[in-house]
Structure formats: structure tokens, C-alpha cells
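Trainee: I would like to learn how to read charged pairs and packed helices in a model. Could you take me through them step by step?

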Amino acid sequence: MIAEAPTARHRRWRTLDNAAGGLALDLGLYAASALFAAITAVTSTLLPHRAWGAVAAVGYLVAALAVVAQLLLRRRIPTSRLVGLPARWAVTGLTWASTALLPVIWQSFERATGRTDRAQEEVLVVEQAGIRLLDHGTPYLGRDAIAALPPGEQLLGYTPYQPGMAIFGLPRALLDSPWTDSRVWFAVGTALALALAVNALRTPTPTAGDHPRGAALLRGVQAATVLPICALTLATGGDDLPVLALCLLALAFAAADRPGRAGIAVGLAGALKLFAWPIALVLIIWGLTRRAGGRVAAGAVGLPVAALLPALLVDRDALIENVLRFPLGHGLVTSPAQSPFPGYLIASALPAGRFVASALLVAAGVAIAVRLVRRPPRTAVATALICGYGLLAAIALMPSTRFGYLLYPLALLTWAPALHRPATTEPTAPAPERVSGRATSV
């Protein structure tokens, strides 16, 4: 990745990333993704995943062939507009449409016709949370209500998300339609947040020196959209993608010296899922280095608290059961998140393994905390790298985790180069933001 002072490793990455004007890595990405999707379509034991793979494999293959055509054209006409950065953006957009958006719509319509194998449990949980929020004022069921469900349905009675996630289930609560499938609205939220992030990082008056940042921005968007782990997640479950996109938006605002807006973006993410809370903490520390910690914290802390307050007032025990007891392994049923990462393997194979894995996780957290105190991040690049590597360590060491959670560190680490400022130095305090031509402290 690109940092403030590029190392040999960073230079090697840039050499690979820039090979053939970025097209070489594009081809590798799409070709490997096509292979992954094809294998998923044939071997996955999860039917929504197999359905995704059958559609996405074609989309990735078409994208790979398009890049091959671009490479051949580049050899003959190096200056052609069809091989430049705008053309690469177009291929990326079409690939996301064919490998994520099309499968979302396809599975939503098949589900509406009666197919019960066209959505993961997350979709059902979020939609039920939206119905409960509309009917009872809280997205959560209490422990007694969950215990009264049939044993095979108790897992779906839990909503291990923050209250804001239920908003994506409200359309289904109002109208039963393929277009009210929560994945459709996850896709809308993701697209909107990423569009705002790209806009925040674009230079108002582009110069020749902005091209490397533009290419890095494209690579970051690819990591959050067409990377198979992201496209698959959006098409089959989807709840992590708007959270990720809002975190990327927060970092984009940080890179653009908009601490207040960065706090609002990560606060919205934190109102959806706990995964955003560590990112919010690091962003607050970044804000403190620029005398803007309060502005970041106002949104980063205020919005999740505001989302929790109604659920707390309506049914405190139900809130605690869903967002604390269940994730910590003290619910009526256990989480099925059991990907074979080191934390899970230690917890399941060693005597007192869960305690050992938890201790290692705490030790990693302490090490990151010491790093933040001794060397607080002063740039958006450093903030993204700390968040990415920190989440990677946490996912590896958590006793219960999912392979799909890797989309967070992968996207954050790939996003970091796009946050690199074109200027050689950064101001010590954020510049005033402007809305409608007037300065504001947001």
C-alpha cells in the first residue's frame, strides 16, 4: 500500500498495480474471480451461494474478456480512450452490476415466487426486525419470546445487530414485493455511500498529478464492490456492505479534512453494526490530533447512542439479550459463525481454549491501544491502515467468526492508497467546510 514514505514493499505493490496501466491487475482480478464464482456454483453447500456463482461467473468472465480486448488495443493504440482510467471505471461498474446487483434482483424475484433457498438467514432476520420495529417500537425479541419459538427457529429470533439495521427491513414490513427485499436496499445504501466517498476524494480541479490517486481510488472501489467476497455477500446476505461503505465514506471525509462529516458517516455505520465501533474509535483519535476530536465524536458516538435509546426504553432486556448475551455466547442458541481461523481453532481444540483465544484477542487489543497512544494516526492513510490491520487481527483471533468478515480489512487496506493526499504536507488543523458557499465547522 502507499504510505507517506513509500517502502520497498509499497513500491513493489505500485509497480504491480500500475502494470499495463492497471489493466494487468484488472485482468488477474476478474479472471481469478470468475474461477472462484465457478467453483462456488459447483461446490458450495449453500444454495444462495451456488445461485450467485452461476450468474457471477459469467459476469466476471465477460469482464476478463473485456480487459483482454483493452490490453490488445493498448498495444496498438496506447493513447486510446478505451484503455484509460474512465474505461476501467466503466468495466468495473458493469462488472458490479452483473456480479452483485443482477444476482440480488434475480434472487429477490425467485424468492418472491416461492423459492425458500434464495436468501441467507441475515435477510430474514433484518426483515423481521423491520416488522417488529414498525409494530412494537423495537427490533428485538426478549429471551422469553425467543424461548417460545420452535427450536429450529430460535436462531432466527435473535437480531445481533444495532437497532439501525432494522431500517433496511422496513420496506418489507410495508409491502411484500421483490423490490422490498432487504438486499435491494443494502445495495442502494452501499451504492450511495460509495458514490459520496468517490466524490469526496475527487479533486475539484484535476491535474496530471492526480492520476495515481484516481487509479488508487478505482482499486479501492473494486475491493468494495467486485471483489468476490463483497459481491457474494451483497447478493446472498448483504448486511455488511452498507456498514463497510459508510466506514470508507468516513475515511474519505477524513482525507478531505471534514472531521464532522467523518464522524456522522462512521456513526451511521455504528448504528447498524458493532464492526464499525473500532473504526469510530480510531477516527476519534485521528480527530484529536487535529483538534477536532469533539466534532468526530459527536457523530461517531452520538448517532449509535441515539439509535440504541428507543430500543433501551421500550425493552431493555430484549436489547441486552440480542446485542450482548447472544454475541458473547450466552444466548439460548449459539452463533453459527465458525470459520476455521486461529481463534476458533484454539477455542475448539485446546483445554480452556475459549479463554486462551479471548486472552489473545484482548492482548491484540491492548497492543493496538498502546500503538494508538504512543503514535496516534495523523493522516487518513494511517487511520485506514490501523483499522484494517486491527480488524484483521481481531477476525483471526475471535473464537466465533465468519470468513465473510474479511471483506472489512481487505477493503480498508486497499482503500488506504486512495486517501493519500496529493500535496506533500497536511495542515495541522482541518480547513473549514463549505456548504452553499459559507464556511461551517461540520
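Mentor: Let us begin with burial: arginine 118 has a relative accessibility of 10% and therefore counts as buried, where buried means under 20% relative accessible area, exposed over 50% and partly exposed in between, with a 1.4 Å probe and protein chains only. Keep in mind that this is a predicted model, in which local features need pLDDT of at least 70 and side-chain atom pairs count only at pLDDT 80 or more, while totals for chains, interfaces and linings use all residues. Residues are numbered from 1 along each chain as its sequence is written, and side-chain values use heavy atoms, with hydrogens and water left out.

Trainee: Which residue meets arginine 118 in a salt bridge?

Mentor: Side chains of opposite charge can pair when their charged atoms come close. Here the partner of arginine 118 is aspartate 117, at 3.4 Å from N to O, and a salt bridge is a side-chain nitrogen of Lys or Arg within 4 Å of a carboxyl oxygen of Asp or Glu. By this rule the count comes to 15 salt bridges.

Trainee: Where do lysine 273 and aspartate 239 lie?

Mentor: Their closest N and O atoms are 2.7 Å apart, in a salt bridge. Lysine 273 is in the loop between helix H13 (259-270) and helix H14 (276-288), and aspartate 239 is in the loop between helix H11 (228-236) and H12, so the pair ties together parts 34 residues apart in sequence. Helices (H or I, at least four residues) and strands (E, at least two) are DSSP runs, numbered from the N terminus. Both lysine 273 and aspartate 239 are buried.

Trainee: How do I read two packed helices?

Mentor: Two packed helices are described by the angle between their axes and the distance between the axes. Helix H17 (residues 342-349) and helix H18 (residues 353-374) pack at about 150°, with axes 6 Å apart; axes are lines fitted to C-alpha atoms, for helices over the stretch in contact, and angles run from 0 to 180 degrees between N-to-C directions. H17 and H18 are therefore roughly antiparallel, since angles under 35 degrees count as roughly parallel, over 145 as roughly antiparallel, 65 to 115 as roughly perpendicular and the rest as oblique.

Trainee: Which residues of H17 and H18 make the contact?

Mentor: Gly343, Ile346 and Ala347 of H17 meet Gly353, Arg354, Val356, Ala357 and Leu360 of H18, contact meaning heavy atoms within 4.5 Å.
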